[in-house]
Amino acid sequence: MALDTLDLGVLAAIVLAIVIYFTKGSLWGKSDGEDVSVPRGSSRDLVEILAANNKKALVLFASQTGTAEDYSHKFAKEFQSRFSIPTMCGDLADYDYENLNEIFTSIDGFQLVVFFTATYGEGEPPDNAVEFFDYLENECDDLSNLKFSCFGLGNSTYEFYNAMGKKTVSTLTEKGATLVGELGLGDDGRGTMDEDYMAWKDGLFDILKDQLSLEEHELVYEPQIKIEESVLTIDSPEVSLGEPDDKYINPSQEEAQSLNEGPFDHTHPYLAPITVSRELFNSDSRHCIHAEFDISDSNLKYTTGDHLAIWPSNSNEHVFKFLDILGLSEKKDVVIDIKSLDPTVHPHVISPSTYEAVVRHYLEISGPVSRQFVGSVAQFAPTEQAKAHASKLGKDKALFHEEVTSRYLNIADLLHVLSDGVKWTSIPFAFIIESVAHLQPRYYSISSSSLSEKQAIHVTAVVEQEKYPNVDHIVTGVATNLLFNIQLAQNKVSNVKPVVTYDLAGPRQKFAPFKLPVHVRRSTFKLPSNPATPIICIGPGTGVAPFRGFIRERVAQTANDISVGKTLLFFGCRNSSEDFLYKDEFVDYSKKLGEKFELVTAFSRETAEKVYVQHKMLERAKEISELLNDGAFFYVCGDAARMARDVQNVLIRIMMSERKVTESIATDMVKNLRVLNRYQEDVW
Ligand code: FAD
């Protein structure tokens with residue numbers, strides 16, 4: 001029987017309806033509950049996006065390492081939940097700012113813009129905020145409609161403490177914007193970031209209730225993402241097993257080729273082979289790893305003084321303990337679909353994936369727990385007792401410090417203690433993904449020279465494993481213990497047992513043998529453009545890393561008949577036989593550079609009085625002053641907490657004594673060196 005045109009039309013409509021029903025629109029990218037009128041990434045117009053998604057508040061982040069980003073998401077979620085104000089959280093790099101001032105007049109009922117601003121390097125904006133600050137300074141002239149708040153993330157041991165947070169407030173208010181509440185100052189240097197944030201946020205909420213007449217509600221978890229267990233299996237090629245980004249999942253031949261071509265950045269790393277790794281310490285309890293990443297098969301480039309970002313994964317022990325306390329051990333390989341319920345929210349997890357892959361590769365599970373997390377996880381406690389205890393900890397700063405922070409507990413440890421081992425099976429996995437910080441790359445000062453090692457990047461990383469008094473476990477760092485495990489496996493060391501172990505082969509064996517995802521971050525820590533300029537380098541401990549690169553550069557220049565200036569390096573460690581990094585290499589550099597290189601060592605534990613690099617600087621005061629007079633550049637690398645500030649103070653003292661000037665003139669002289677870029681710091 002032939003179908004006429006009408007029948008065909010009806011049939012087509014039925015087929016279309018069936019397709020829509022069964023795919024829930026996913027064929028063209030629409031998932032349940034989504035308003036996709038202006039999804040993330042399709043427009044840079046703030047007013048358009050906010051209006052289309054019916055948002056009444058905006059949180060923007062300027063983030064370098066991801067911490068400001070995590071806090072901004074946390075804030076946006078709580079703000080929305082507490083005041084029932086639909087809030088969008090976004091990356092400053094994703095929008096244009098021409099109509100920043102019009103948000104309040106164009107969108108009915110719009111309440112507030114909140115900035116989370118980190119400060120990077122020597123008072124610089126994070127990469128994602130460079131254009132924003134450029135716009136503010138050079139193009140923007142009126143922000144008189146803007147009502148904003150700001151939380152700065154900084155480190156008080158740095159000269160330019162919270163410089164960008166302060167700048168955000170001063171620049172916006174200069175343009176007529178109104179600051180609501182006070183600038184929040186989060187201080188990583190004192191280790192109080194979390195408490196500083198909580199105090200600022202609580203204060204701001206009180207002000208908002210008052211000034212904007214906002215009504216506050218009890219905080220209940222409102223998911224912004226949806227997790228569904230999938231029919232796919234761990235063997236399905238489209239499932240992420242922890243690949244660093246989706247380009248690494250099931251690539252075509254052509255796509256696989258482009259994986260080596262870059263560009264490589266914080267969204268797409270290069271999977272670099274580690275060709276050499278070795279132990280630099282001579283100790284049973286302390287370790288420092290030298291690792292060489294081969295970049296010859298890629299377009300990855302660096303220049304001497306840059307930083308290498310290493311993308312780690314969590315240890316087996318931490319992953320299994322975490323899955324266990326959530327009652328997910330049996331289901332670790334189950335595939336889950338992770339979908340956003342809000343088109344402006346973009347989970348930092350590749351979907352589909354498995355429970356284990358998410359925990360191992362995308363979540364920061366082993367670091368300190370935040371008090372806010374404990375307060376909010378209480379609602380899912382498996383026992384009344386655990387619930388009461390978690391709620392109490394969430395509210396009591398001192399108790400939280402005593403029971404959690406001072407015991408170096410991570411999330412799994414804490415959940416375990418709170419419930420006495422009873423599994424927390426009621427925590428939605430969406431809550432875990434939304435509340436636990438995402439696993440971030442760790443940065444390392446590159447210890448090779450791009451002139452001497454064109455095809456390799458070297459790093460020098462001290463392994464973080466600490467046994468604290470009255471703490472029943474060894475506290476470990478994620479990336480450095482991974483490097484330690486690689487070193488042990490690569491060199492077939494069998495007589496050393498690592499505190500934690502890793503899946504070195506990685507998702508689908510892609511990290512075998514001995515590969516890690518990396519990208520390079522350009523730094524401003526650079527040698528003088530004229531190789532004949534003398535340099536003074538202060539680099540105790542792993543602070544010596546970039547100076548090894550500088551010296552290797554000068555060795556290569558000398559071999560190319562380029563005349564180099566003097567390099568005076570101050571290196572410090574505990575003693576000459578345990579942790580004297582690159583001891584033998586320095587002998588070789590001395591031979592090659594002759595009088596153009598001098599190493600001054602300070603061993604803190606070889607004499608009754610502790611001797612540090614600062615003491616050695618004082619001994620060489622005259623020479624330091626003369627070299628600076630000859631145009632030398634002064635570099636400091638390593639510990640930001642004490643050393644960098646002490647070194648600066650010692651330099652001021654040297655100027656006072658050698659140049660016979662007052663403290664204020666000497667201080668100005670050192671400041672001036674910074675302005676001229678002749679005093680550079682690479683500290684962490
Ligand atoms: P993480 O997992 O980040 O842990 C950080 C610290 O927290 C560790 O000390 C860890 O023991 C502790 N910790 C873990 N769990 C808990 C808990 N539950 N409670 C409390 N504390 C806990 N480092 C180098 O060694 N060499 C370099 O050349 C170098 N260059 C750097 C350059 C820059 C620009 C920056 C920003 C940092 C640099 N660092 C360098 C530091 C490096 O980036 C890492 O921070 C460091 O190696 C630790 O990384 P991790 O993943 O091993 O530790």
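Biologist: How many Å separate the centres of domain 1 and domain 2?

Modeller: In this predicted model, 39 Å separate the two centres, taken over C-alpha atoms. Domain 1 spans 46-211 and domain 2 spans 535-683, with bounds that come from an automatic or database domain assignment. Residues are numbered from 1 along each chain as its sequence is written, and side-chain values use heavy atoms, without hydrogens and water. Local features need pLDDT of at least 70 and side-chain atom pairs count only at pLDDT 80 or more, whereas totals for chains, interfaces and linings use all residues.

Biologist: What makes domain 1 and domain 2 count as being in contact?

Modeller: Contact means heavy atoms within 4.5 Å. Six residues of domain 1 are in contact with nine residues of domain 2. The area buried between the two domains is about 650 Å², with 38% given by carbon and sulfur atoms; buried area is the accessible area (1.4 Å probe) that two parts lose on being put together, summed over both. Of the area that domain 1 buries against domain 2, Glu122, Thr157 and Glu159 supply 70%, more than any other three residues.

Biologist: Why is Ser445 called buried?

Modeller: Buried means under 20% relative accessible area, exposed over 50%, and partly exposed in between (1.4 Å probe, protein chains only). Ser445 has 8% relative accessibility, so Ser445 counts as buried. Ser445 is found in strand β13 (residues 442-445); strands (E, at least two residues) and helices (H or I, at least four) are DSSP runs, numbered from the N terminus.

Biologist: How do you know that the side chains of Ser445 and Asp682 form a polar contact?

Modeller: The two side chains are joined at 2.8 Å, and the limit is 3.5 Å. Asp682 is also among the residues that Ser445 touches, as are His307, Cys637 and Trp684.

Biologist: What puts the buried residues of α18 on the same side of the helix?

Modeller: The buried residues of α18 (residues 583-593) are Glu585, Phe586, Tyr589 and Leu593. They cover an arc of only 100 degrees around the axis, which puts them on the same side of α18; the arc is that of the directions from the helix axis to the C-beta atoms. On the other side, Asp584 and Lys591 are exposed. The buried residues pack against β8 (270-279), α17 (545-559), β19 (567-573) and β20 (597-603).

Biologist: Is Tyr582 buried or exposed, and where is Tyr582 placed?

Modeller: Tyr582 has a relative accessible area of 4%, and is therefore buried. Its place is in the loop between β19 and α18. Phi of Tyr582 is near 55 degrees, a positive value in a residue other than glycine.

Biologist: What makes Asp561 exposed?

Modeller: Asp561 has a relative accessible area of 73%, so Asp561 is exposed. Asp561 lies in the loop between α17 and β19.

Key. A polar contact is a pair of N or O atoms within 3.5 Å; within protein, one must be able to donate a hydrogen and the other to accept it, and residues adjacent in sequence count only if both atoms are side-chain atoms. Lists of a residue's contacts leave out its neighbours within four places in sequence.
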